[in-house]
Amino acid sequence: MDGGGWANSSLDDVRPYTVTGGRTRPRHELQLTSCLITRPAGPGTPYPSPEGEALLLHCSGSPRSVAELAALSHQPVQVVKILIGDLLDVDALARANPDSAGAGPDVHVLEALLHGLRTRL
């Protein structure tokens, strides 16, 4: 062992638990396709954790989905959802697709699409 701290393979199971402060469930309902974007920091905005700061950097400039953020941060999706929830709570992140958050597919649009595909074949 080289004493690499978090890089030590014996600590792989501990890291996500410590990143979330022991929390295992997010406070916000987020889908893998939920997109988020960084909001301007207001006065008194708490300084995020290093992992939260990395998420903010990934979301600055263009919206990113939860799945993309998990891949970019090399963290499990559940961990990223908890961290995103923390950033949503302090208004550091905003949903880029708030109208579709939690909404299902529009049945009429899907039926029209299916009809159009059938008539072209």
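Trainee: Which residues does Thr 20 touch, not counting residues up to four places away in sequence?

Mentor: Thr 20 touches Val 79 and Ile 82, where contact means heavy atoms within 4.5 Å. Before we go on, please note that this is a predicted model, in which local features need pLDDT of at least 70 and side-chain atom pairs count only at pLDDT 80 or more, while totals for chains, interfaces and linings use all residues. Residues are numbered from 1 along each chain as its sequence is written, and side-chain values use heavy atoms, with hydrogens and water left out.

Trainee: Where is Thr 20, and why is this residue called buried?

Mentor: Thr 20 sits in the loop between helix H1 (15-19) and strand S1 (35-38); helices (H or I, at least four residues) and strands (E, at least two) are DSSP runs, numbered from the N terminus. Buried means under 20% relative accessible area, exposed means over 50%, and partly exposed is in between, with a 1.4 Å probe and protein chains only. Thr 20 has a relative accessibility of 3%, and therefore counts as buried. Across the 121 residues of the protein chain, 23% count as buried.

Trainee: What makes His 74, Asp 91 and Gly 61 exposed or partly exposed?

Mentor: His 74, in the loop between H3 and H4, has a relative accessible area of 71% and is therefore exposed. Asp 91, in the loop between H4 and S3, reaches 46%, so this residue is partly exposed. Gly 61, in the loop between H2 and strand S2 (64-65), has 79% and is therefore exposed. The C-alpha atoms of Gly 61 and Ile 37 are separated by 7.5 Å, although these residues are 24 apart along the chain.

Trainee: What is the phi of His 74, and what is the phi of Asp 91?

Mentor: His 74 has a positive phi of about 55 degrees although it is not a glycine, and Asp 91, also not a glycine, has a positive phi of about 60 degrees.

Trainee: How do you know that H2 is roughly perpendicular to H4?

Mentor: The axes of helix H2 (residues 50-59) and helix H4 (residues 77-89) come within 10 Å and cross at roughly 80 degrees. Such axes are lines fitted to C-alpha atoms, for helices over the stretch in contact, and angles run from 0 to 180 degrees between N-to-C directions. Angles under 35 degrees count as roughly parallel, over 145 as roughly antiparallel, 65 to 115 as roughly perpendicular and the rest as oblique, so H2 is roughly perpendicular to H4. The contact is made by Glu 51, Gly 52, Leu 55 and Leu 56 of H2, together with Val 80, Leu 83, Ile 84 and Leu 87 of H4.

Trainee: What makes a group of residues a nonpolar core, and how many residues has the largest one here?

Mentor: A nonpolar core is a set of buried Ala, Val, Leu, Ile, Met, Phe, Trp, Tyr and Cys residues joined through side-chain atoms within 4.5 Å. The largest one has 17 residues, and those with the most contacts inside it are Leu 36, Leu 55, Leu 69, Ile 84 and Leu 93. H2, helix H3 (66-73) and H4 each supply at least two residues of this core, and the largest share, six residues, comes from H4. Leaving aside neighbours within four places in sequence, Ile 84 is in contact with Leu 30, Leu 36, Leu 55, Val 66, Leu 69 and Leu 93.

Trainee: How do you know which strands pair, and why are S2 and S3 said to stand at the edges?

Mentor: Two strands pair if DSSP finds at least two bridges between them. The bridge partners in S3 include Arg 95 for Leu 36 and Ala 94 for Ile 37, while Cys 35 stands opposite Ser 65 in S2. The three strands form an open sheet in the order S2-S1-S3, with antiparallel pairing. S2 and strand S3 (93-95) each have a single partner strand, so one side of each is left without a neighbour in the sheet.

Trainee: Which strands does H4 lie across?

Mentor: H4 lies across S1 and S3, and runs at about 100 degrees to S3.
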